[in-house]
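I opened this entry to note what I looked up in the structure.

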Amino acid sequence: MANVAVIGAQWGDEGKGKIVDWLAERADVVVRFQGGHNAGHTLVVGDSVYKLSLLPSGIVRGTPSVIGNGVVLDPWALKAEVEKLRGQGVAISPDTLMIADNCALILPFHRDLDAMREDASGAGKIGTTRRGIGPAYEDKVGRRAIRVCDLAHLDSLDPQLDRLCAHHDALRAGFGVTPVDRAELIAALKEIAGFVLPYARPVWKMLAEARAAGKRILFEGAQGVLLDIDHGTYPFVTSSNTIAGTAAGGSGLGPSAVGFVLGIAKAYTTRVGSGPFPTELEDETGERLGVRGHEFGTVTGRKRRCGWFDAVLVRQSVAVSGVTGIALTKLDVLDGFDEIRICTGYRLNGELLDHFPAHAADQAAVEPVYETMPGWHESTAGARSWAQLPAQAIKYVRRIEELIQCPVALVSTSPERQDTILVRDPFAD
């Protein structure tokens with residue numbers, strides 16, 4: 001049995017929550033390996049809807065769930081999310097939730113800095129969620145972060161606070177804001193430490209033991225490959241590596257543990273926030289996709305930009321993440337279109353490109369080259385087998401496979417977890 005890494009193959013919001021939930025029922029452990037509470041995963045289980053931002057999706061099913069060291073953790077957001085889920089009847093304890101003791105923390109002044117930078121950027125806004133994710137990763141890389149394990153040693157935190165505050169107080173002064181209140185920060189950390197520490201442990205050790213015992217591990221990514229700090233549409237990206245290779249470093253397991261890489265892609269394309277989007281439709285068709293797909297961010301509530309499927313970008317995601325198979329979601333949103341278009345390449349200054357260029361100016365200037373296919377008027381909603389799909393819908397899926405150079409392993413036809421066509425079982429590889 002293979003372990004499985006699930007990553008978004010577009011700009012996030014591809015429907016990872018449902019797919020991870022679908023797989024989590026058969027996994028022994030689910031691991032979040034990067035990002036923070038800027039991620040948004042919606043799970044529909046029967047009549048209940050669960051909206052997760054930080055917790056691994058397996059928690060709803062009672063599958064042991066791990067927040068890995070690659071995540072930046074807002075302890076107050078964690079507490080709020082745990083309490084919300086408990087209010088929905090989800091049992092959460094240190095037996096079902098484990099947090100890496102070497103996780104870096106998101107602190108209140110990280111949120112402040114995130115918001116101040118966005119407000120000062122004017123037209124150059126990145127479109128962050130203002131939750132302090134980027135500044136927390138900066139402190140982690142700058143070797144001045146406070147980590148989960150530090151919550152057990154708050155009385156000896158002064159040397160770390162000296163480094164941290166020297167950096168942040170200078171930044172805050174530039175924005176005309178008062179220095180960090182160290183006493184207030186320590187008091188807040190002491191108050192939250194009692195909630196967080198029971199979940200803290202060396203999860204790398206637990207995961208190594210689970211792997212040695214032959215247990216199935218599901219690695220859950222956040223955001224999408226096109227938001228990767230290296231491989232995404234820089235600078236309109238997130239602050240971590242979102243590709244499948246990060247599953248190893250962000251969990252404490254070696255790369256050979258990852259196994260099957262399942263990329264999630266919508267049957268069309270969406271994006272939240274600023275940045276290039278070659279196939280964006282700012283017309284009635286784009287509006288129709290957004291309305292039918294209920295395209296509003298789980299975390300921010302922001303309206304998503306919508307456009308046709310971009311095979312060039314997904315092919316690029318497949319390559320840099322070593323994707324084994326694609327889970328194609330929201331096929332039902334395309335029901336009723338007379339014609340459907342797929343981007344197969346770009347034109348830039350008269351030259352035909354088969355990849356997305358790295359420079360922001362070139363990314364903004366490319367023009368999509370489209371292939372047009374007939375649509376279908378039958379419903380695909382709720383289909384659970386190929387036989388229930390219209391012939392033209394099957395042709396569309398097969399054409400996507402050809403263009404992205406990767407097989408489709410799953411097709412999702414509604415938010416319900418059982419409305420899924422299984423073509424290739426990731427856990428069986």
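I listed the buried residues of helix α10 first: Ala311, Val312, Leu313, Val314, Arg315, Ser317, Val318 and Ser321. The model is predicted, and I read each entry here with that in mind. The helix spans residues 311-321 and is mostly covered, with eight of its 11 residues buried.

I then asked what covers the buried residues of α10. The cover includes the strands β1 (4-8), β11 (260-266), β14 (309-310), β15 (325-329) and β16 (339-348), and also helix α12 (391-404).

I looked at both ends of α10. Just after the helix, Gly322 has a positive phi of about 60 degrees.

Next I looked up Pro235. I found Pro235 in the loop between β10 (217-220) and α8 (246-249).

Last, I turned to the second largest pocket, which has a volume of about 200 Å³. Helices α3 (108-121) and α6 (182-196) are the elements that each give two or more residues to its lining. I wrote down some of the lining residues, among them Phe109, Asp112, Arg172, Thr178, Glu184 and Leu185. By type, the lining divides into six nonpolar, one polar and four charged residues.

Technical notes: Residues numbered from 1 in each chain as written. Predicted model: local features only at pLDDT ≥ 70, side-chain atom pairs only at ≥ 80, totals over all residues. Heavy atoms only, no water. Buried < 20%, exposed > 50% of the residue type's maximum accessible area, 1.4 Å probe, protein only. Helix = DSSP H or I, 4+ residues; strand = E, 2+ residues; numbered from the N terminus. Contact = heavy atoms within 4.5 Å. 1 Å grid on protein atoms, 1.4 Å probe; cavity = no way out; pocket = protein on both sides within 12 Å on 5 of 7 lines; lining within 4 Å. Points joined across faces, edges and corners; volume = space filled by probe spheres on them. Nonpolar A, V, L, I, M, F, W, Y, C, P; charged D, E, K, R; others polar.
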